[in-house]
Amino acid sequence: RLALRRKRGLATDGMRKPSTVRNCERATDCMLRFWGEGRELRTIAAEIDDQSDGRTAQDFRRWLRTSGHAKGRGLADSTVSRRCRRANEFFEMAVDRRWIDSNPFRDMEGLRERAQSHRKAFVPAEDVEAAIEATYDLELRFFMAFARYAAVRGQSEIRDLTIRDFNFERGVVTIRTPKTE
């Protein structure tokens with residue numbers, strides 16, 4: 001009898017990136033809040049059928065959209081997609097290990113992350129220059145200039161730069177890209 005349980009580490013074995021581990025744990029927390037601890041995995045269906053209790057994989061997705069946040073509000077579409085993808089991976093692992101016969105998320109549409117085009121905007125160089133001039137914080141000035149002119153990701157690529165990453169003689173900067181490793 002395999003059931004959902006709150007046990008850290010099972011779904012994140014072998015993962016090194018903290019953000020990946022955090023995303024898996026958040027998806028697990030959502031599954032536990034929706035289905036409850038102790039829910040047998042084999043009783044979770046893709047859609048309502050004779051065996052289901054009305055809390056299916058599709059219901060999980062709808063619940064994430066309307067009240068899946070820990071504070072009871074709905075989640076953004078990209079977050080819903082990411083949580084369902086993690087649930088799909090979890091159930092696929094359970095199928096591979098022969099713990100359950102089928103994955104209720106297997107045929108769910110829209111599990112691929114969509115670009116959030118409404119969040120993207122071109123920032124003219126003049127605006128960046130004005131923002132740089134308006135701040136006295138040297139670190140923030142560097143961050144803004146490097147993000148705009150070197151086209152690197154702020155949180156994951158600029159944050160971890162050290163002086164050793166700059167080869168001034170050759171005019172080269174070494175950027176580590178944790179998102180694509």
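**A walk through a helical chain**

A polar contact of 2.6 Å links the side chain of Arg39 to that of Thr43. Start there. This is a predicted model. Arg39 sits in the loop that runs between α1 (18-35) and α2 (57-67). Is Arg39 buried or exposed? Its relative accessibility is 11%. Buried means under 20%, so Arg39 counts as buried.

Now step back to the whole chain. It has six helices and two strands. In what order do they come? From the N terminus on, the elements run α-α-α-α-α-α-β-β. The protein chain has 181 residues, and 34% of them count as buried. The chain exposes about 12,600 Å². Carbon and sulfur atoms supply 48% of that area.

Contacts tell another part of the story. Take those between residues at least 6 apart in sequence. Of these, 47% join residues at least 24 apart.

Next, look at helix α3. It covers residues 77-96, which makes 20 residues. From its first C-alpha to its last, α3 reaches 28 Å. That is close to the 28 Å expected at 1.5 Å a residue. How many of the 20 residues of α3 are buried? The count is 14, and α3 is mostly covered. Just after α3 comes Arg98, which takes a positive phi of about 65 degrees.

Helix α3 has a partner in α1. Two packed helices are described by the angle between their axes and the distance between the axes. Here the axes of α1 and α3 come within 9 Å. They cross at roughly 85 degrees. Angles of 65 to 115 degrees count as roughly perpendicular, so α1 and α3 are roughly perpendicular to each other.

Which residues meet where α1 and α3 touch? On the α1 side they are Thr20, Asn23, Cys24, Arg26, Ala27, Cys30 and Met31. On the α3 side they are Arg82, Arg83, Arg86, Ala87, Phe90 and Phe91. Check the numbering against a general rule. An α-helix has 3.6 residues a turn, so residues three or four places apart point the same way.

Finish with another arginine in a loop. Arg153 lies between α5 (138-149) and α6 (154-158). Its relative accessible area is 38%. Arg153 and Phe143 are ten residues apart in sequence. In space they are 9.9 Å apart, C-alpha to C-alpha.

Key. Residues numbered from 1 in each chain as written. Predicted model: local features only at pLDDT ≥ 70, side-chain atom pairs only at ≥ 80, totals over all residues. Heavy atoms only, no water. Helix = DSSP H or I, 4+ residues; strand = E, 2+ residues; numbered from the N terminus. Buried < 20%, exposed > 50% of the residue type's maximum accessible area, 1.4 Å probe, protein only. Polar contact = N/O pair within 3.5 Å; in protein donor to acceptor, adjacent residues only side chain to side chain. Contact = heavy atoms within 4.5 Å. Areas by Shrake-Rupley, 256 points an atom, 1.4 Å probe, with all protein chains shown as cover. Expected span 1.5 Å × (residues − 1). Axes fitted to C-alpha atoms, helices over the stretch in contact; angles between N-to-C directions. Parallel < 35°, antiparallel > 145°, perpendicular 65-115°, else oblique.
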